[in-house]
Structures are given as C-alpha cells and as structure tokens.
Amino acid sequence: MEDNEELDPAFNAEEIPSPSDLWNYMEHYWHNNREFPESTEGLLKRKADLVDGKVPSSQLPSYVDDVQEFDSFENLPNPGEKGKIYLTVDNSSIFRWTGSEYIQLNSEIDGELIIYSVPNSSGTILTYNSNTKEVSTRTNTEIISDLSLMTTDTNQGVYAIKYFNTEPGNNWSNNKLIVYSAGVANPAMSFYKEGIDSAQLNFNGSWFSFINSDGSSYKSVVADGFSKAGSNDSYLLTGGGGHKPVSDFALATDLNNFFSNSKIQSREIGVVTTTLDSELPNGGFITSYYTDSWGGSDRPNGASYGGYIKFSKGGVDDNNLDFYYNNGHNGTDSRLWFRTKEAINSTRSWVETYHTGNFNPDSKVNKSGDTMTGSLNLNVTSNHLQFSENGVGKWHIESLGGEFNIVETGVAQRFRITPGASTPTYNNYGLWHSGNLEDYHQYGLGKINVSILSDLDTYSALSTGFYSMNLAQNAPYNYGTTIKVMRSDSEGTEIATNVFGDGLAFRGYVGGAYSTWNHVWHSGNLNPLQVGSAIQIDGTGSISNGSDTRTNKTWFDYSWAGTGYSGSVINFSGFAGGYSTELFASYGNGGTALGFRTRNGDTNTWNLHNWIWHSGNFNPDEYLPLSGGTLTGGGLIASNGNIFVQQTEVGGNATGLFWQDMPNSQFISGIGAYTENGNFYWNYLGWGASPWGTATSLAVGENIFTYKGFDVLHKGIFDPDTKVNKSGDTMTGTLSLGNGANIRINGADANWVQSYKETTGDVGIVAGFEYAHYATRWKVGNKRGGSTDSLGYAFEYSSDDGASYTSTLIISPDSNISTKQFGTASQWYQAYLWGNHASAGYTTQTWVESQDYATNNVVNEKVQQITGEFFDPAPSVYIENKFTTIIRTEEYAGVPIDIDGELIPTGNISIINLSEKPLEILRSGKYIDTVLERTTAEYYITKEQRIIRKGSYRTAELLV
C-alpha cells in the first residue's frame, strides 16, 4: 500500500489533476480511513482469483466497468446511464447522469488540494501540501492566511496579480470587476502613493474624472495615446474634446520637406491653373522663377516672377493673410503685396507694401511740419476724397467735369461750384452772395420784386412773397407793403405795414378763408404807462422753466427751457395763444447767451431751443476761409489745395485719419503715423479703440514691420537656410522629442510600429515598442515596479485596438520566464527533473484498481456527502452537503428559496437564477438576500453556521 509520499507526484500545486490522478488519491485516502481485518484468513478471503492470468470481472469492483472515458463533453452519450461515471479527457472533468442531464462532480483546483474533514472534525480542514508532502489539519482562518485568500468582509492587501475575466458581450454586467454606488455617491476607485499623494478615478453617471484625494481638483493623465469615439487617425484631438482633420496641420514629412534649422522651402509649380487662393486651400508657400505669367487670375496687378504665401486658419477658409512678391528677375524692383480674406466680404484686393525700394521718406511731408513743393492729388483715378463712417462712405469731395462738388455719397449732390458761373448752388438752389444780392440796407432782406395788388384776397394762396398795396381792397391800409408766408396750400400768415411807418397788422389764412386783420400795438400807438394792465409783466420770484403757464408775458426765469441759464424771457403768441415765440437773454456768463424757441400749437409741445451766434460767442477769425489758411492746431491747408498734417505734441501721439462708431463714442479704425516727442516710430493701419497700437494694427517703420504685434517675416529677420528641407535633409544637431512624444513608423494594412514610454508611477511597461496590426497589438519592453527597479522584459497583448492589455509573458532579471497560462521556466525545469513517473516505479492506476479498495457505492456515498443539487425546489431547501447547487428556472420564476435546517460549517452554496425575475433568498422564512435575473450568487457557511455572500456574476444561461 503506497503512502501519501508515493502518491505525491500525481499532484502539483501548479497543475490541475487528471481524472486518474484524482481517483488514485481519493481511493488511497478513503482506504486509509477504513478498518481491515487483521487476520491472514480475512485477507485471503478478499484475494482475487486469477483465470488465465486475469481477474474475473465478477471479482472486480463494480465501478471499474462503470467508469467510461470520452474525448469531450460533446461526445458523452445522450441520454446517459445512472450509476456510471463519465470522464472527459480534454479538461479532466467527471460527470454523472441524473436522469435528465449531466452534473459535474469535480471542479478545477488551483494550488493546494483541499479535502474537507468529516463531520466529527467540524471546523477543521485537511490540506495536502505538494512541497512538504504532508496532510495537515488547518482552521478556516489559518487556510485564509496560508493561501492568502481574499474575503468579502475584511480589509486586506492584495500583493499579486488578480485576473477578472470579462464574459462575452458589451453589457456592464458582463464585467467581473464592478465598482458600485447608490444614492448621491459616485462610484470611484482610489489610488495611493505612500508618502506622496492619493487620487481617485470617479464616474458621475455621465463621464469619468481623475480627481485628487478630496475631489476638489483634477489630476493629470499621461498615456501612450487617447482615442475619441467617432474619430480615427485622420483627426487630431483638441483640448475642448473635439477633433480637427490632420490635414489642417503640417505632417512630419511636410516639415522635413519644407522646414529645417536652416531654411523654409516653398513648393515650386509651373502654372497656377485657376487662382492662387484655390491653389493653397489650407495655406502654404508656392513659387515660380521662370514664368512671368505664372500667378493665377487673382494675382496682383504688375506681378511677375516670384512667389505666393498664404496663412490660413485651416478647415474653414475665411480668415487668411496672403503675401505675393516679385523677385526682380524681369528687371523690375522687388515688390511685395498683401491681402486678407474674411467671411463677410471674402477676399480683399491686393495692397502693395512700401519699402526703401519704392518709398523715399525724404520725398514725403514731415509730420512735425513741412512745405510741399508740388500739388497734392487725392485719388487721381476717381477725382474725389472719401469720408466714411464704420467703413461706409458718407461724404466725398470731387472734381468732376471742371466742377467742384460736395456729395452725400449715394444720396445727392449737395454743393456745386461751376467755373464761370456767378452763383454756387446748394441742393440745386442758388446761394445769395454780394454778387447777386443788393445792399440789404435798402430793403432789409435783400432785393424784392414788388407787385402792386388791387385786392389782397384774390391773389393765389401759394404766392409767398412781398407785395405793394395801393388803395387795394381787403387791405388794412391804403398804401403800404404786405409779406405773405404760406405754411401749406391751406394755411398761411400775412403781415402788412403802411408807408407812414405807424401801422403794423397781421392776419391768418386757414382752409381758404382769411381771418380779420389784427393791428400790433407799439410805441407809436400805445403808451404802457397810460394803458396800465395792457402790459403783462410777471414779477413773481423763483420762476423756473415757467413757459407753459405764461403766454404773452415777460418774466425772470431761473432755468429757461430747462437749460439752467437765468435771465429775462419775452413770450408772445397768436392764434388762440397756442403758437408762442420766446426770446431769452441771460444775465450771467458775461451775458452772452441769447436764445429763442417756438411752440407747436398742433401738438402742444415746445420745439428745441436755439442759441443765436453774435460777436460775443463767435469769432470768424478762428475759422479757415475757403481760400486757405494755416491751422494752429497741427495742420496746414495751402492755397493751392495741398493738405499738411503736423505733429507738435510732446510724448507719444498718433496722427492720422480715424473712423468712429455710429454714436461717435470711440474709434473703430484708423490709418496714420505714430510719434514720440516728435520722432517718427511707425505708420499704422489698425482697428479697435487704439488703432495705432502694434497689437491691433499692421505697423511699418524703419525698425519695425509687425502684424498684431508679431514680426512679419522677411529676409532681414528670417533665414530659411536654418530650417530642415521637407524633401530631405541632414540635421546637424540632435532631434529631442518632449515628454509624451513618440516615434511612429506606419506600414500597409493598418500596420505600424511605435515607440512607447511612460515616466512616472507604477505604470507597467515604461519603455518599449508597440506593434499593431488592425485591432491587435503587442506591447513589449521594460516593465517597471513601484520603484526604480525593473520587473523584467514584458510582453502584453491587446485585441481591442489598445483599449486594454493582458500580460502574457515576462522575462525577469534573474532569467526566469513567467507565462499567463503555461507556468514558469522554473516549473518546467522541475518537471524535467522528475523524469518518467512509470519508469521510476511510482504507483499506477492499474495497480490501484487491482487492490481491494473502497467500492463504487462507497465512492458515490462520499461524493454525495460532498456535493448536492436542487433543481427548481419548493420554497424550503434542506442543505446536507458541503457543496450545494440550487437552480431556479423560468418555469418557477419569482418563487423564493428558503434555506432551512442545520447547515454544514465551512460549506458552500451556489444559487443560479436562470429566470428573468429577481429571486428572493430566505433563511427559515426570513429574507436575507436577492439574486438578480440571470445571475449566479456564491455563499459561504461559517463555523457558526452564518451565511456570507462571497460574490455574484451575471449572464447565467441554460445551454443544453
């Protein structure tokens, strides 16, 4: 009889025993626990006979014929036979037929072989150690410590790799590792670098966040790459979560071809087929040296040999800056143009830049003051000077057909002077001047054509003018003059005086009928001292803006018309008192404020007040005459039409032409020159509130050429020979890529090789290469542990395009090789040293089966004590086995399971819910747990017969 040591080679902690090894061990174990007769006679009675050198089948144990081997589970007979044991060679599994299906009797074992003790040793476990070749009794707590088992109700440290194999499918329940939270809490995982810092990976139901220890800020993420849903390698990710086509950026090959540390190289083409703009939709640099008609239809006027440079924001071709230059090959001077393109007005016209080759400052007017030796021609092609607001032309001055015109752009000609004409015009009406207006002292208002009327009521209502009365009917006087002013076809006013100078009368004309004549009281026909109350003088004090309550009166007002000026007011009104006229003169401010206003009786509102210009507030000498003059505030308009802009202020100052917004509250654009203390610095073409600033302009000066504060590259500050040529070049220095950059070599069929590196933390492979073929990848390289030491040279495999990797093999620094499923090199070497078990004389299965060990019934009895199964049981289930499986199908969906009776300590219960409804678990009628639909739950029985849930996993399914 072999002892345990002789059976040891059949069991290795690293291997799963074969069916024959398991039976050999079980037969030997049960044999040692049986009592055998001690006498020789008893032993001989059990001796088998030999017939022709063989033991008759009648004397063989029944299970010898009842154990059948098959290649796999699929090859088992269906139906099977009760009482027989079926072995599958492919996975060393043992099954029996229940009458309706096969039930597996053994399970895969990793590490030690654990044999549970019989009931009289409750609370202990027999363990067999393949290294010490000893069977020992260990408590449950000791086994957890010895084997470093994970428990569900204690805090433990995990110091070895654990694999959570995901089931097929994309549902979250297919994952074996689930971080769960309920209520307002977010599921998260914590990471702690001892003595340094901690962080969390948090999911809030919408996105993942890498946050610090208390969630108050975020942590950085460093990875080999980031993949965005819906994107591919034709795009680059942006900081806001979007992506842009790679074509918007320069590729590495492009940089090599066109940029180096010694040059920037253009792309030379023979002919631009359509336009320069469409030739470079995303921007670039193209040149031609030998073809003077090389440029497209949109090249600048006068352009020939040279090149075209386009700066574009890419993707959307609506915010560009273009340059075109002549290289002087055709004998002309070098020339440079620029233009812009934007979304509203599209491409603007080319503008040529000024430089020492086409501009001489000495030939221009000095801003600090100068004298022109020639004439100033403004916009010779259109003969006009344009004035604009917000970029829109409002007025322009022009010389057209020998005439000088001031024109409201797009509306009408307002002022015109025609050579040889005696009268200029305004809106086509002649203007009065000393050449066509007689001495105003003679008539008071100028020359008047007087018509003598016989009846003042019969002449046309539209005949506004001056007329003479000579014994006329309906006249207030026999001899005199009348003035008629028509407000409309049906309304007018008429004033008449007599030739003796002592009469003044007026009347109105409304709806085709005249009112009666009213005579005006004056010093010739009225003595106020004699009339008394006829003169309305309001002496009330503290009157402020009192016009609305005082008609045909005079008073002192402290704020006439709400202006804040104080003085006397005269109000006189006619036509029922609603149409008033007021005269006002202030007594303060030097007495220079003299104003008037009228009241609109139709709407009962005052018209805006007006101030009268006089010698006290207006000096004609402060204004330039049309014939020309000198500006005392920084400019000169010469008699020949030349305009000189002068700069005399101390400090920084911008002089030029500025445009304001519609409220005239701030600048929106400007063109001119910037000086400091009278010294010129730069010319500007700018925009915004400070168009002279370099940050908001195109600035050009002796030592400056910038756009938005950035230098415009030219030969004086940029040497293309210092850059790498994209078509191929040799670098004279070292190319150093920053943290996170990689070197990648692309191949055909989605193949590529890329360098891989990580630099911080316990991140696995930190230096190596990735090899990709479609969605599969291999990552190999130096694998780092939690310190600066190397764990070895590792191989990791991914089948999901690099989303996750599985470690398959690692070569440690001590030269040992470890694989995921096939052991280690040290184990292979140990197996090699064992040699051939049979030739070494170890016990064989044939020899064991020839001995009188336990019968098949004993084996079945022991197996039944270990395992048990309940298929759709009634609510109450009595557990009598160490390993019990309870199955609930759809037929009894929703029927609870009540675990009753005494439980076997250290036992295990598996509950498989195949139904589509949650399954309630009871203990002696009391609810303890719920197993979700299509879920398997595992439970452990403690020494005190308490039930602990070890875990659960989804997608339970009946296959056959």
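User: How many bridges join S48 to S49?
Analyst: Two bridges join strand S48 (residues 704–707) to S49, and the strands run antiparallel. Strands here are DSSP runs of E with at least two residues, numbered from the N terminus. Two strands count as paired if DSSP finds at least two bridges between them.

User: What should I know about the model and the numbering?
Analyst: This is a predicted model, with residues numbered from 1 along each chain as its sequence is written. Local features need pLDDT of at least 70, side-chain atom pairs count only at pLDDT 80 or more, totals for chains, interfaces and linings use all residues, and side-chain values use heavy atoms, with hydrogens and water left out.

User: OK, back to S49. Which residue stands opposite Asp711?
Analyst: Thr706 stands opposite Asp711 in S49.

User: What sheet are S48 and S49 in?
Analyst: An open sheet of six strands, in the order S44-S45-S46-S47-S48-S49. The pairing is antiparallel. Strand S44 (652–660) and strand S49 (710–711) stand at the edges. Each has a single partner strand, so one side of each has no neighbour in the sheet.

User: Where does S21 sit in its sheet?
Analyst: First, the sheet: six strands form an open one in the order S21-S22-S23-S24-S25-S26, with antiparallel pairing. Strand S21 (384–389) is an edge strand, as is strand S26 (429–430), and each pairs on one side only.

User: What about S23 and S24, how many bridges there?
Analyst: Five bridges, in the antiparallel sense, between strand S23 (residues 403–408) and strand S24 (residues 412–417). Phe404 stands opposite Ile417 in S24. The two strands form a hairpin with three residues between them. Gly410 in that turn has a positive phi of about 75 degrees.

User: And what is the bridge partner of Arg416?
Analyst: Thr425 in S25. S24 and S25 pair over two bridges, antiparallel. Thr425 also stands opposite Gly430 in S26.

User: New topic. Which residues have the most contacts inside the largest nonpolar core?
Analyst: Ile909, Ile911 and Ile921, in a core of 14 residues. A nonpolar core is a set of buried Ala, Val, Leu, Ile, Met, Phe, Trp, Tyr and Cys residues joined through side-chain atoms within 4.5 Å. Buried means under 20% relative accessible area, exposed over 50%, and partly exposed in between (1.4 Å probe, protein chains only).

User: Which strand gives the most to this core?
Analyst: S65, with three residues. Strand S61 (897–900), strand S62 (908–913), strand S63 (919–923) and strand S65 (935–941) each supply at least two. Another core, of eleven residues, lies apart from this one; among its residues are Ile269, Ile286, Ala303 and Trp350.

User: Is Met469 buried or exposed?
Analyst: Buried: its relative accessibility is 2%. Met469 is in strand S28 (residues 465–473). Its C-alpha is 5.6 Å from that of Thr481, twelve residues apart along the chain. Leaving out residues up to four places away in sequence, Met469 touches several residues, including Leu456, Tyr477, Tyr479 and Ala496. Contact means heavy atoms within 4.5 Å.

User: Which strands hold Arg335 and Glu352?
Analyst: Their side chains meet in a salt bridge (2.8 Å, N to O). Arg335 lies in strand S18 (residues 335–342) and Glu352 in strand S20 (residues 351–352), so the pair ties together parts 17 residues apart in sequence. Arg335 is partly exposed at 27% relative accessible area. Glu352 is partly exposed at 25%.

User: And Arg507, what does its side chain meet in a salt bridge?
Analyst: Asp457, at 2.8 Å, N to O. Arg507 is in strand S31 (residues 504–510) and Asp457 in the loop between strand S27 (451–455) and S28, so this pair ties together parts 50 residues apart in sequence. Arg507 counts as buried at 3% relative accessibility. Asp457 is partly exposed, at 31%.

User: Are Glu770 and Arg777 buried or exposed?
Analyst: Both are buried. Their side chains meet in a salt bridge of 3.6 Å, N to O.

User: Last one: which residues are linked in a network of salt bridges?
Analyst: Asp277, Lys310 and Lys341.

Definitions and conventions: Helix = DSSP H or I, 4+ residues; strand = E, 2+ residues; numbered from the N terminus. Salt bridge = Lys/Arg side-chain N within 4 Å of Asp/Glu carboxyl O.
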